[in-house]
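Reader: I have a model open and would like to go through some of its side chains. Could you take me through them?

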Amino acid sequence: MASAVLRTLAAAALPAVALTVSWGRLEDTRSREVVLAGLLGLLLALARSWLSRAFAGALALAATTWIAFGFEPWELLPYRDEHVAGPLLAAFGVGVSDFYDVVVPFDPSQRPEMHGVVVLAVFAFVTAVAVLVATRRPLAAAAVTIAGAGWPATLVDESAVAVGTLALAGALSIGLVLRARSSQTLVGGVAIAALVVVGAAWVSSVTSFTREAVVDWQAWDLRGAEPRALGVRFIWDAQYDGISFPPTSTEVLRISGPDRAEYWRASTLDTFFADRWFEDLTVADMREASGELELDSLTPPAAAKRDGWLEQRITVKALVDDRLVAAGTPVALEAPSLGRVFSYAGGIMRAQRRLAGGTRYRVWSYLPDPSPEALAAAPARYPTSARRYLNLWGRVLPPFGTPGRVQYVNAFLDDPSYSDFGAYRPLFEQARQRTVGAKSAYATVLALESWLRQRGGFRYDERPPLGVEPPLVHFVTSSRAGYCQYFAGAMAVMARFLGIPARVAVGFTSGVYEDGAWTVTDHNAHAWVEVWFAGYGWVPFDPTPGRGTFSTQYSLATNSSETVSALRRGDFDALSDSRTGDQADAAGNVEATTQRGERPSVLALGLLLAAVAGAVIGGAKWSIRRCRYLTRSPRRLSTASRRELEGFLRDQGVSLPASATLDDLCRAVDAELGLNGHAFVDAVGRGRFGTPDEASAAAVRARSELRALLKRARTELSLVARLRGFVSLRSLRGWQG
């Protein structure tokens, strides 16, 4: 028996070495995980029955998956809340796809998904060889050895012959070792195999063979044929000489996560000088591309609330750039393949090198979503760090609402030291003329946007006529024809003239939404305007008519039909008063007096309806919680207690992922409520996973600990917070029964 086991191990050993070496050469550093996967597969040769092989194989596969992708085997046990299969399959898919986009050998620390695929491949092939050897199928084992070692060997030219020779030796040794009846025969057989292999290696080294195989099997792409796109490079600094998009669009990015259209920003043009907008970035931080980013002082406090973050999973297709594209203001990044990245003031990110095709990264962004009324009420108070966005031609202009600001700007335009910039007086005059009656910064910005986009007679033209004046001056005063850089550049200059911090954002419109992701092409390249508002940060506005996905929208004004109507009428007093257009129209006539007399009854009806709706929501939530406890199972009772606490936290605005563990819940209780939840978590854990006797008592204790936690938490909350939690729908959306 012992000799049979040793013979099996000896027959499978050399093929296992060949497979491990061949796949390991795809990485530029030697990995212990690859060797360990080979050993785990080889040990299956010791199993003597199919039942023992199946059991040992399942354990070895779980261990290898843990080694390859970091997914712990016990996460697959029943009653666990973690979702493992989906992320595991996604990581495996990314790793397989990377083999067709990444040059080998690759750095396993930069490509963890590819490394995981290599580890799994070594385990799979070695396991197959070990089982075939143990069941005495030498020909099949030899075929698996050649096939398993052949594909990776052909991907790396260097030493490919040596690896092929090793694979051939392993394949030949299987039959020789299994058929040997004595140690002398075994040694002789191995010597013959060695001579054959040495001869093959010598012939391959001295004979000239063609490099083109009859079947180029190492180039097979299991994803299906996909046309290779040429790289597309953009010069983001403004230029006004005309643009032309190629007849055929090229996919540059694929973005999944958001389900509504967003602007994908690559950079911002912060400086206007010598008739051009320029990229003028200030480094804020340099750090590893993992975790939360360093935010500048202009980012509002709301950006720290994770429940409001927008996650984007971005794949670079054919964009030749070192800038990381993202929506809004990036607040967190997960891109281990990029190493260290630069974070710039204003929410711009750049890698240390150009991003290769196939590069993937995840980014979380803060996007403000205020109502038009909220923006109209935002004060025109700008911190010192915002003043750089009031700079024109090297001079910082006074903020919106500053007494004597108009006289200051006129003196600036008349200053001989800035004689070249004096030609921009028509933009200042047009900005003042088109915003008469706008008493808030928001109303002023919307007035400029709607004039350029709809009311001013401007048209989109990729080959606009040029005059003797500076391009933007000729655009506003004469031609009224241009493309996005004209519209965005002119609006940003006019906003700064009026004392409102603005900049030109460059990147892409949303693209086309298909198969759960946004396909962004070079035809989606775009420029728009971002304006800074106190309490909200950078808010996008798009003055370009008929361009991209946003051709029929008025930025944030689209949330209010009355606001859009006011824009079309030019009724900026309505916007400045933070009231809708209909309310403003009614304010000055006699008929409105009667309407105001009726408003208390309408208000009372609204309050009554709100109270009824709140009672219905609160009653529904109470019923759901009670239904969860209608069971005698300690596991279900413990789960009900956990769900109730999760629902309470979600109703108070605490972000909890669907895959939150008990440890995550404990940390959330500590961080958000300032309470110690260890006793509750311990009771829930014992109730769900303990012995039957222990679980029953633990389930009762879990509910008691929950009542105590909630009682202490509610005493710390204000009445408004408790009412908001009572009617919040977050816990209903997150309920899974």
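Author: Leu-39 is partly exposed, with a relative accessible area of 47%; buried means under 20%, exposed over 50% and partly exposed in between, with a 1.4 Å probe and protein chains only. This is a predicted model, in which local features need pLDDT of at least 70 and side-chain atom pairs count only at pLDDT 80 or more, while totals for chains, interfaces and linings use all residues. Residues are numbered from 1 along each chain as its sequence is written, and side-chain values use heavy atoms, with hydrogens and water left out.

Reader: Where is Leu-39 found?

Author: Leu-39 belongs to helix α2 (residues 32-43). Helices (H or I, at least four residues) and strands (E, at least two) are DSSP runs, numbered from the N terminus.

Reader: And what about Ser-267: buried or exposed?

Author: Ser-267 is buried, with a relative accessible area of 0%. Its place is in strand β2 (residues 264-269).

Reader: What does the side chain of Ser-267 make a polar contact with?

Author: The partner is the side chain of Glu-279, at 2.3 Å. A polar contact is a pair of N or O atoms within 3.5 Å; within protein, one must be able to donate a hydrogen and the other to accept it, and residues adjacent in sequence count only if both atoms are side-chain atoms.

Reader: Turning to the rings, how many aromatic pairs are there?

Author: The count comes to 29 aromatic pairs. Rings of Phe, Tyr and Trp (its six-membered ring) pair if their centres lie within 6.5 Å; planes under 30 degrees apart count as stacked, over 60 as edge-to-face and the rest as tilted. One of the pairs is Phe-272 with Tyr-424, which is edge-to-face, at 5.4 Å centre to centre and 85 degrees between the planes.

Reader: Which parts does the pair of Phe-272 and Tyr-424 tie together?

Author: Phe-272 lies in strand β3 (residues 271-273) and Tyr-424 in the loop between α10 (405-414) and α11 (425-434), so the pair ties together parts that are 152 residues apart in sequence. Both Phe-272 and Tyr-424 are buried. They also belong to one aromatic cluster, whose members include Trp-277, Trp-393 and Phe-497.

Reader: Which ring does the charged end of Arg-503 sit over?

Author: That is the ring of Trp-538, with the charged end 3.9 Å from its centre. Likewise, Arg-53 lies over the face of Trp-50, at 4.9 Å from the ring centre. A charge sits over a ring if NZ of Lys or CZ of Arg is within 6 Å of the ring centre and within 35 degrees of the ring normal.
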